[in-house]
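This report looks at the two chains in turn, then at the contact between them. Please keep the sequence and the coordinates at hand while reading.

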Amino acid sequence: MRRLLLLALLTLAPATVAAQASQFGVRGLGVPGRPLSTRAAGSSGAFAMFDAESGLNPATIGGLPAMTATFNSSASFRTVENPAGSASLRSTRFPYVSFGGPARGTPFAVGVSYSTYTNRDFSNATLDTLELRDVLIPVFDTLSSRGGMSDLRIAGSFKARERSVIGGSFHILTGSNRMEQHRTFTDNQYRPVEQSTELSFAGVGVSLGAVHQLGRSLWVAAIARSDGGASVERDSAPVGDIDLPYSLGLGLRWKAGARLDLAAHGIFRTWSGANSDLLALGGSGSDNTVEVAFGGEFANDPRRPNRAPIRFGVYYATLPFLLPPGLQPEEYGASLGSGVRFAQDRGSLDLAVGYLSRSTGDFEERGFTLSFGVAVRP
Amino acid sequence: MSRGWGWLAAFVVLASVTTACQEELTAPAVCPELCPGGNARVFDTVLTPLPGADSSYTGYVPRHRAGSMLVSNGLPAGDARAVYRFQARRDSAPVGDSARPYVVDSAQISLNLIRRDTLLDGLNLYLYRIDPATADSEATFASITSQFVPGALIDSIHVPDTLNSGLVRTVLRGADVAKVALPVEGDGVLAIGVAMSAPEPSGARLGALLAQSGATFISYVTVDTPDTGTIRNQTLSAQTTFNTYVLAAPQRPDPNLLTVGGEPSSRALLRFDVPPPIEDSGTIVRATLELIPAAPVIGLRTDPPLLEARSLFADLGAKSPVVTTDPRFIISDTISVGGADTVRLDVTAIVQLWQAVDERPEAIFLSLLPEAASFSRPVFGSTRSATPGPARLRITYLKPFSFETP
């Protein structure tokens, strides 16, 4: 009970940070999303390669005991700093929902999920002074974007052997950026200006994944994913294509004891393939990324490991889209979470709070994310 | 409290925190790193009217249909005298079902002062009786002022220095009533001319028939009714039926310049051709019409006129239909009297309309308010005049913002 109260207090703690919407999502396609359930988010995603409710590894849906629907929400509170100043921002998103389960009487499982592929929500404000008609006029500009790319995943898994599950998924990548540029002049003889455009993206990808149990307490997982390319339209007119990355990931899970479960993973994504396309379209380029995470889950009651376990984890990642040329943004975070199952495991609630820090050059972002997830197994 | 209740409480708290959070995404940004697409650039261009397509047209509002009458003394804008002709006064007064002869005891003539030089004290108005036959639209300064002889002076009205506008009147009693005596036989008509005096050259605007503020002539009469042996007092009121004013030096518009105002009033039509890059994709943030006076604008300093610009529905030359109801496309601003500075009008809404509606002609109609009732007669340069230069349309606009893709 004390842990629960501690968790509740954590959610109310004064916070500054970010998760999805970010100044690091201004360039390129935005900030890549992580298809994590709140349960996996509690360990900074360390268990994502093995988590049946997460969307990273299609093989893991074979681990769903029954048809399961999950819904995850995330709120971020962050402080943004750059040479122009600082600001406290906040946002709420619903980054991941999924539905899936086993095909009864068969070694197959199927599922669909919907997650954020990239997020490009931002509103940037700048001040400038222009010389108009021989008079210096201060102007206030706001460039804002809402939207990004989403990943609709259709996945299936096959339990090949007692200790091995393989899976595959088909990804429909789609979405749009609604961008607006506002300018107001301090001299009201000049009318305010509002211009807008809509970028839309469409592409498909495939992924393969596997989970294999090496011994009584050791599991390995691997994924390989190709997202092909995304065709880009601006106000319904084709403007080009952007290569999306290949992803290769490897995960390891070790049940260190009756109470402690540990996991780690690393994922490499070839975002540099998009570099030339982005530069050709007038963007700022991109670079390959790595993501590593380590975390654990401590069960209070070994007989009932899903009863309010303590989840923890840290992670580090690089971000694909550059702000200052030549400097790749990076992020690291730490998280803490827990959850409970009830109604004979037919329902579950999961909570997670995470600290996140992103930086590159003079650009920084820090803050907290609060996530909660609901899973129902009817 | 059970563990289940604890979870429920934590869930409710977290759900409240996450869903009740109002989004705030605006952050300061530094360019170029956080400015995909760069900065919106602002451009400024100056257009002149199409050569020979800027014209003045004269004859819209004649002086006798103006909204107010002018009167002045020695004003550089020109000497003016006002003229009023009243309704005929009946030669009998109705008593019961019969008409009876009457005796005029007293009479009152009232004028409506619309505007005066509020900085100048000692304004006097002089009312002269004139021949009603000369009070018509053909009246000239000479034909009217030649009747302003001492014998024709009805009275003078001293305008209180504190009165900026309103009624002023004179009441004639006793022998003075004879100054407005009318023929006994047949209906009589009174016509008056109005002059003014002031310590310095000045002017004033008086009420007019069009504005229902014309002069009034009231006769207070006594009707003898021998049948009953009583005397009845009655009032016979005569309103203005015609008014005009005459100028010592009427304006003669120069076809090489743009004349706005005067009497009969002139209007100017300016035609432009906005370049396609601006018309098709520019975002106009400001458009200013600049007119260069050919000479300092004369007039009454304390009664400056309004220069009005209107959008057109169609370009039919002098008879082009203009916007009359939508105030967004009717732009007006005061013209300073005595100066030769460039006159500027903010016509942004009109130019934006040209962009939005292809059918609207890229033209502006200019007029002066009060039309045909101002001492000012501004004259501006045109494309046919080397000095001063033609009107200019100065457009400040933005090209389409180059949103980064992506």
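Residues are numbered from 1 along each chain as its sequence is written, and chains are lettered from A and ligands numbered from 1 in the order in which they are written.

Helices (DSSP runs of H or I, at least four residues) and strands (runs of E, at least two) are numbered from the N terminus. The table sets out the two chains; a residue counts as buried if 20 or more other C-beta atoms, placed from the backbone, lie within 10 Å of its own, as exposed if 12 or fewer do, and as partly exposed in between.

| Chain | Helices and strands | C-alpha box along the principal axes | Buried residues |
|---|---|---|---|
| Chain A | three helices, 18 strands | roughly 80 × 45 × 35 Å | 51% of 378 residues |
| Chain B | four helices, 24 strands | roughly 115 × 80 × 40 Å | 42% of 406 residues |

The radius of gyration is taken over C-alpha atoms, and the globule rule sets it at 2.2 Å times the number of residues to the power 0.38. For chain A the radius is 22 Å, close to the 21 Å that the rule gives for 378 residues, so this chain is as compact as a globular protein of that length.

Two residues are in contact if their C-beta atoms, placed from the backbone, lie within 7 Å. Among contacts with a separation of 6 or more, residues 24 or more positions apart account for 63% in chain A and for 83% in chain B.

Confidence is expressed as pLDDT, the predictor's value for each residue from 0 to 100. Chain A has a mean pLDDT of 90, with 94% of its residues at 70 or more, but over residues 1-19 of chain A pLDDT stays under 50, and the model has 51 contacts beyond four places in sequence for that stretch. Where pLDDT is low, the predicted coordinates should not be read in detail.

Two strands pair if DSSP finds at least two bridges between them. Strand β17(A), residues 347-360, has 10 of its 14 residues buried, so the rest of the structure largely encloses it. On one hand, 13 bridges join β17(A) to the antiparallel strand β16(A), residues 330-342, and A:S335 stands opposite A:G354 in this pairing. The hairpin of β16(A) and β17(A) has four residues between the strands, with A:A343 taking a positive phi near 55°. On the other, β17(A) is joined by 14 bridges to β18(A), residues 363-376, again antiparallel, and A:S359 has A:E364 as its bridge partner. Here two residues lie between the strands of the hairpin, and A:G361 in the turn has a positive phi of about 55°.

**Two sheets of chain B**

One open sheet of chain B has four strands in the order β2-β24-β18-β21, with antiparallel pairing. Its edges are β2 (42-47) and β21 (343-346), each with a single partner strand, so one side of each is left without a neighbour in the sheet. Within this sheet, seven bridges join β18(B), residues 283-291, to β24(B), residues 392-398, and B:T283 stands opposite B:L398.

Another open sheet of chain B has five strands in the order β3-β17-β22-β19-β20, also with antiparallel pairing. The edge strands here are β3 (55-58) and β20 (330-334), each of which pairs on one side only. Five bridges join β19(B), residues 306-311, to β20(B), with B:D333 as the bridge partner of B:L307.

Helix α4(B), residues 348-356, lies across β18, β21 and β24 of chain B and runs at about 125° to β18(B), the angle being taken from 0 to 180 degrees between N-to-C directions of lines fitted to C-alpha atoms, for helices over the stretch in contact. Which residues of α4(B) are buried? They are B:T348, B:I350, B:V351 and B:W354, and what covers the buried residues of α4(B) includes strands of both sheets, among them β18, β19, β20 and β24 of chain B.

**The contact between the chains**

The contact takes 63 residues from chain A and 44 residues from chain B. On the side of chain A that touches chain B, the largest share, eight residues, comes from strand β5(A), residues 122-132. That side divides into 35 nonpolar, 19 polar and nine charged residues, where Ala, Val, Leu, Ile, Met, Phe, Trp, Tyr, Cys and Pro count as nonpolar, Asp, Glu, Lys and Arg as charged, and the others, Gly among them, as polar. Strand β5(A) also pairs with β1(B), residues 26-28, in the parallel sense over three bridges, and the bridge partner of A:S123 is B:T26.

Methods. Predicted model: local features only at pLDDT ≥ 70, side-chain atom pairs only at ≥ 80, totals over all residues.
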